Amino acid sequence: MSFSEFDLDRRLEKGISSLGYKKPTRVQQSAIPEALDGLDILASAPTGTGKTAAFLIPAIQYLLDFPRNAPGFARVLVLAPTRELAYQIHEVAEALCSSTDLKIGVITGGINYGSHKDILEKNNDILISTPGRLLEYMDAESFHCENVEILVLDEADRMLDMGFRSFMTRIAEESRNRKQTMLFSATLEGRGIIEFSQGVLTEAARIDEDAPRRERGKIVQWTHLADDYDHKFAQLLHYLQSEDVQKSIVFVKTRERLDQLVQRLQGHEIYATYLQGEMPQDRRMKAIDKMKNGRSKVLVATDVAARGLDITDITHVFNFDMPRTADVYVHRIGRTARAGAKGYAVSFVEAHDMGILKKIESYTKQTFKHRKIKGLEPKHKEAKVPVKKKKPHKKKLAKAKAKKSKK
Ligand code: AMP
């Protein structure tokens, strides 16, 4: 299947070519025709499947088919949970609209209020925003939703997790002139997301396809046992100095550990870029750009800071510190093997990490190989996770007691 089968506006087709997309991904193949027909969309599509273009292409086609006849606020509103995601969507939207006159704005926290003034006052066709800041503008009456004709809720499951349910409901209610709503979520399995979607969607086309292997990419995963911090560092350094590791993200658990690691790497002439939670937006963008354009090859990040991050050619993810939960592990490693590429996820596991490692193994239904680096083998043996003895069942105890007293 090719994009030409959607019968799109020539200007939009040009935008698609400018991104280098040759043919639609699975989720695009399913969602675009339904959305072009004006149906609401309820789609399960994790990042990496091409979901951004799946909602932007039909929305842009709509704006080109029905040009605006009066000035006003945005006609397409895209809500996204994180700043990075909002900027990524903005980037794709700019590229898709590069041969059109459509105007696109992006609003997020971490930017001073003055710089949004223009976006809010000027005509805007598409507005991409994180919920928090938009809410402030709505309360201050500097933004209204009544011109919104298409509402997109991207990564709706995450926005729900982050506590934005009532805000999303409010946006949906205030966008009372909307003709179409598209809801994208990593999964459609939780009860919360289904309940929520029933409230905001009408007769939606449900797009629930698994991305094919080709698009999911393959992540090869293994672990290294580590005796202590220094041993972990030596092993990480070994990888970062090897040529196979072209672009990587190294995850640490706290900001303090991030600073410590970045400095230590510097001592070995590895100048890593870093992302931490409370960084001004312009510095975050600079760091991400450095990785994207290849000026930097190593990014050290905490989990909060790396939310929504999409750099296509990450070859390796290193868990320098193990994550707290299996779910976070899956999020972390999903930063590699984007758009069908192959990726590697390497975890450094100390004795106290064995518990979480077992949880990850059972969550992901696989057992990781422990690999060794010549000359950097661990001194300690694998720590055994204590198996909890099951408490005897209360009823059983009572029965045993009764038996005893009979005797
Ligand atoms: P997304 O799921 O929207 O974050 O997209 C994941 C990655 O796939 C991004 O780097 C996109 O640029 C890329 N992508 C999206 N659609 C296509 C396509 N039709 N062909 C090739 N790459 C694509």
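Arg 284 and Glu 84 form a salt bridge in this predicted model, with 2.8 Å between the closest N and O atoms; a salt bridge is taken as a side-chain nitrogen of Lys or Arg within 4 Å of a carboxyl oxygen of Asp or Glu. The model is predicted, and local features need pLDDT of at least 70, side-chain atom pairs count only at pLDDT 80 or more, and totals for chains, interfaces and linings use all residues. Residues are numbered from 1 along each chain as its sequence is written, and side-chain values use heavy atoms, with hydrogens and water left out.

The protein chain is assigned domain 1 (3-208) and domain 2 (217-364), the bounds coming from an automatic or database domain assignment. Between the C-alpha centres of the two domains the distance is 30 Å. Domain 1 and domain 2 each bring 14 residues to the contact (heavy atoms within 4.5 Å).

About 1100 Å² is buried between domain 1 and domain 2, with 45% given by carbon and sulfur atoms; buried area is the accessible area (1.4 Å probe) that two parts lose on being put together, summed over both. Of the area that domain 1 buries against domain 2, 46% is supplied by Glu 84, Gln 88 and Arg 158, more than by any other three residues.

In total, 2 salt bridges are found across the interface of domain 1 and domain 2. On the side of domain 1 that touches domain 2, helix α4 (residues 83-96) contributes the largest share, 6 residues; helices are DSSP runs (H or I, at least four residues), numbered from the N terminus.

Definitions and conventions. Helix = DSSP H or I, 4+ residues; strand = E, 2+ residues; numbered from the N terminus.
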